[in-house]
Amino acid sequence: MSNTNHTSKSQSSREPQNSQEPQNDTRNDTRSDTQNKARERRPAPMEVLRQARSQLAELTGLAPESVTSFEQTEDGWVLEVEVLELARVPDTMSLMAGYQVDIDQDGQLTGYRRVRRYERGRADARRTGGR
């Protein structure tokens with residue numbers, strides 16, 4: 001009986017050593033897979049739009065009305081966002097502005113600048129006629 005106990009003890013003491021080696025490899029593989037997935041996962045376009053609008057509003061204090069362009073780049077995204085800068089009566093005389101907003105791959109705003117300013121009721125002469 002003591003041999004049986006000793007044998008089972010020695011087998012059980014060997015099992016953890018054998019089973020620990022693959023577990024460590026599996027843990028490392030799992031960690032690297034998770035890290036790779038986190039690096040590869042880019043926010044969905046709608047997430048980027050929502051975050052960009054929210055971050056721009058927080059930084060400027062202006063409420064975005066619409067996103068007029070949206071382009072994915074190697075570094076993230078570039079958007080043009082229309083905001084109401086100065087409300088006037090009648091509404092067609094309100095001052096609007098277009099802001100270029102740069103977003104990184106994680107969906108965080110990295111910069112913005114006003115690219116144009118105009119009255120709401122005026123046509124944009126820069127873009128008429130396809131020229």
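Predicted model: local features only at pLDDT ≥ 70, side-chain atom pairs only at ≥ 80, totals over all residues.
Trainee: How many helices and strands does the protein chain hold, and what pattern do they follow along the sequence?

Mentor: The secondary structure of the protein chain amounts to two helices and four strands. Read along the sequence, these elements give the pattern α-α-β-β-β-β.

Trainee: In what order do the four strands stand in the open sheet?

Mentor: Strands of a sheet pair through backbone hydrogen bonds, either parallel or antiparallel. In this open sheet the pairing is antiparallel, and the order is β1-β2-β3-β4.

Trainee: Which strands stand at the edges of the sheet?

Mentor: An edge strand here has a single partner strand, so one side of it is left without a neighbour in the sheet. This applies to two strands, namely β1 (64–72) and β4.

Trainee: By what angle are neighbouring strands of this sheet turned against each other on average?

Mentor: The direction of the strands is ignored for this value. On average, neighbouring strands are turned against each other by 20°.

Trainee: Which residue in β3 is the bridge partner of W77?

Mentor: Strand β2 (residues 76–86) runs antiparallel to β3, and 10 bridges join the two. W77 has its bridge partner in β3, and that partner is I103.

Trainee: Which helix packs on the sheet?

Mentor: The helix in question spans residues 45–60 and touches β1, β2, β3 and β4. Its direction makes about 130° with that of β1. The helix is α2.

Trainee: Which residues form the aromatic pair, and what is its geometry?

Mentor: The structure holds one aromatic pair. Its members are Y99 and Y112, with 5.9 Å centre to centre and 50° between the planes. Planes under 30 degrees apart would count as stacked and those over 60 as edge-to-face, so the pair of Y99 and Y112 is tilted.

Trainee: How many residues apart in sequence are the parts that this pair ties together?

Mentor: Y99 lies in strand β3 (residues 95–104), whereas Y112 lies in strand β4 (residues 109–119). The pair therefore ties together parts whose separation in sequence is 13 residues.

Trainee: Is Y99 buried or exposed?

Mentor: Buried means under 20% relative accessible area. Y112, at 36% relative accessibility, counts as partly exposed. Y99 has a relative accessible area of 8%, so Y99 is buried.

Trainee: What percentage of the residues in the protein chain is buried?

Mentor: The protein chain has 131 residues. Of these, the buried residues make up 23%.

Terms used: Residues numbered from 1 in each chain as written. Heavy atoms only, no water. Phe/Tyr/Trp six-rings, centres within 6.5 Å; stacked < 30°, edge-to-face > 60°. Buried < 20%, exposed > 50% of the residue type's maximum accessible area, 1.4 Å probe, protein only. Pairing = 2+ DSSP bridges. Axes fitted to C-alpha atoms, helices over the stretch in contact; angles between N-to-C directions. Contact = heavy atoms within 4.5 Å.
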